[in-house]
Amino acid sequence: MAPKVLVVLTSYGHIESANKPTGWYLPEFAHPYKVLADKGVEIVTASPKGGAAPLDPASVEAFKADAASSSFLETKSALWEQTAPLASFLGRSGEFAGLLYPGGHGPMFDLATDAESHALINEFVAAGKPVAAVCHGPTVFTHVKLPSGKHLLAGKEATGFSNAEEDAVDMTKYMPFLLEDKIKEAGGIYKKAPELWAPFVVAEDGGKLITGQNPASSTGVGEALAKAIGV
């Protein structure tokens, strides 16, 4: 029986202060999907609201020349157009080998502070299952407290979209907080690549807490998750 990975997407599709659409970022799902699907992993999708999870149109334009992203966009739309409500997966970690959160600016506004998402992450961690996130995706870990009351990230190395990268895309002023700062506030040891946009992946907790810095890190996050689930 093929191992299954649960992918959680944002339901947040519009940044009011910027008056622009947002959502999840195409290669941050497409690239890990390719890595995992090529190894026989089944992908199941969820989002806070269920139904269609908004895809950031800017990511479609930016990655139109990327073969993996284009193929995913053309052939796998059911994965994001027909997500199940996140809450329906609570108590079901035993069905899955791992958990993955793609980024995009959307998760900064919903999944970061979503109590059901926090409970889901805690469930997978308690079961010894790997949890992974890329770019803005690691925001989902920044508010998670373990049953002991300790922050999930406390004392652990982690990465995510850097303050410098946020400045470079001129989105800092629209964010509810900055991911790099919030990782540090949660007690995490923030790490990043020496230059902007370079691929950079951190694996902690024996390879079971996986974070990627930016879109270029998406394949590496997929590879780290594949390794963690033994495929």
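Why are Phe-29 and Tyr-33 separated by about one helical turn? The two residues are four apart in helix H1 (residues 26-38), and therefore about one helical turn lies between them. An α-helix has 3.6 residues a turn, so residues three or four places apart point the same way. Helices (H or I, at least four residues) and strands (E, at least two) are DSSP runs, numbered from the N terminus.

The model is predicted: local features need pLDDT of at least 70, side-chain atom pairs count only at pLDDT 80 or more, and totals for chains, interfaces and linings use all residues. Residues are numbered from 1 along each chain as its sequence is written, and side-chain values use heavy atoms, with hydrogens and water left out.

A search of the whole structure finds twelve aromatic pairs. Rings of Phe, Tyr and Trp (its six-membered ring) pair if their centres lie within 6.5 Å; planes under 30 degrees apart count as stacked, over 60 as edge-to-face and the rest as tilted. Phe-29 and Tyr-33 form an edge-to-face pair, with 6.4 Å from centre to centre and 85 degrees between the planes. Both residues are buried (under 20% relative accessible area, with exposed over 50% and partly exposed in between; 1.4 Å probe, protein chains only). Trp-24, Phe-29, Tyr-33, Phe-72 and Trp-80 form one aromatic cluster.

Two lysines lie over ring faces. Lys-4 is 5.2 Å from the ring centre of Phe-96. Lys-182 is 5.1 Å from the ring centre of Phe-177. A charge sits over a ring if NZ of Lys or CZ of Arg is within 6 Å of the ring centre and within 35 degrees of the ring normal.

Strand S7 (residues 131-134) is covered on both faces. Val-131 and Ala-133 on one side, and Ala-132 and Val-134 on the other, are all buried. In a regular strand the side chains alternate between the two faces of the sheet. Two strands pair if DSSP finds at least two bridges between them. Strand S6 (residues 98-101) and S7 are parallel and share three bridges. Leu-100 has Ala-132 in S7 as its bridge partner. S7 is also joined to S11 by four bridges, again in parallel. Here Ala-133 partners Thr-211, and Val-134 stands opposite Gly-212.

S11 (residues 209-212) points Leu-209 and Thr-211 one way and Ile-210 and Gly-212 the other, and all are buried. Strand S10 (residues 201-204) runs antiparallel to S11, with four bridges. Val-201 stands opposite Gly-212. S10 and S11 form a hairpin with four residues between them. In the turn, Asp-205 has a positive phi of about 55 degrees.

S6, helix H5 (residues 115-126) and S7 make a right-handed β-α-β unit. A crossover is right-handed if, with the strands pointing away from the viewer, the path from the first strand over the helix to the second runs clockwise. H5 has twelve residues and reaches 16 Å from its first C-alpha to its last, close to the 16 Å expected at 1.5 Å a residue (1.5 Å times one less than the number of residues). Its buried residues include Leu-120, Ile-121 and Phe-124. The buried residues of H5 pack against strand S1 (4-8), S6 and S7.

Glu-180 lies in helix H7 (residues 179-185). Glu-180 counts as buried because its relative accessibility is 8%. Glu-180 touches Phe-161, Ser-162, Asn-163, Tyr-190 and Lys-192, not counting residues up to four places away in sequence (contact means heavy atoms within 4.5 Å). Glu-180 and Phe-161 are 19 residues apart in sequence and 6.7 Å apart in space, C-alpha to C-alpha.
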